[in-house]
Amino acid sequence: MAKKKYYVVWIGRQTGIFETWEDCNKQIFGFPKAQFKSFATKELAEKAFNSSSKDFIGKDIFETVLNSEQLALIGEPIKNSIAVDGAWNTTSGIVEYQGIHTDTGEIIFRVGPYEDGTNNIVEFLAIVHALAYCKQNNLKLPIYSDSKSAISWVRAKQARTNHQKSDKNNKLFELIDRAIKWLNENNYDNEILKWETRAWGENPADFGRK
């Protein structure tokens, strides 16, 4: 029996996440410059749909099982660290984020919910929140995120979102502005590391809403 797949259509007659190739093909067949890709999990499909297609098309991302040599190269996560993650409801657009101590599972902060956001936005905010928390408490803990996009935004000190500001998400965009201001006015010694989901399993800060 074939494994279940989820199909993301970024450009097509209709965009979204489709659970059969037939439904996906209706959106892309004959459509100029259609952009689409299949994913092994709904979680990854949701993250991909809310991100740039160039981060996923042509790349094998979290879709294969690592062999023993690859696992050895990746190693183990640093237990004394903070893991952050965001949650995005694809139906309502409600978002929130949290930071967890990787080893103990203690919730360090949890923020939201906010209306009309995206996964990348809250994952960006989660990293900056963790950085600010560590600086305030004089901690040099590594910070793990499973979002390459959010990590790159933090390093660039920019929120590279195409999401439109609206009356519903004013508060969220205020937080984005504050986060960017903090990044430009503060230095930090904390490492920002990629959580290797294929090697270590689910991010400890995941909201568990698969």
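Visitor: Is Asp116 buried, exposed or partly exposed, and what's its relative accessibility?
Guide: Asp116 comes out as partly exposed, with 21% relative accessibility (buried is under 20% relative accessible area, exposed over 50%, partly exposed in between, using a 1.4 Å probe and protein chains only). This is a predicted model, with local features needing pLDDT of at least 70, side-chain atom pairs pLDDT 80 or more, and totals for chains, interfaces and linings using all residues. Residues are numbered from 1 along each chain as its sequence is written, and side-chain values use heavy atoms, without hydrogens and water.

Visitor: What's the phi of Asp116?
Guide: Positive, at about 50°, although Asp116 is not a glycine. Most residues other than glycine have a negative phi.

Visitor: Which other residue has a positive phi, of about 55°?
Guide: Asn138, again not a glycine. Asn138 is exposed, at 68% relative accessibility.

Visitor: Where's the cis peptide bond?
Guide: From Gly112 to Pro113, with omega near 10°.

Visitor: New topic: what does UniProt list as "binding site"?
Guide: Glu123 and Asp146, from an unreviewed entry (positions follow the numbering used here, feature names are shortened, and annotations may be inferred rather than shown by experiment). They spread over 24 residues of sequence but cluster in space, the largest C-alpha distance being 8.7 Å.

Visitor: Buried or exposed, those two?
Guide: Glu123 is buried at 2% relative accessible area, and Asp146 is buried at 8%.

Visitor: What is Glu123 in contact with?
Guide: Beyond its neighbours within four places in sequence, Glu123 contacts Lys47, Asp85, Gly86, Asp146, Ser147 and Ala150 (contact means heavy atoms within 4.5 Å). Asp146 has Lys47, Asp85 and Glu123 among its own contacts.
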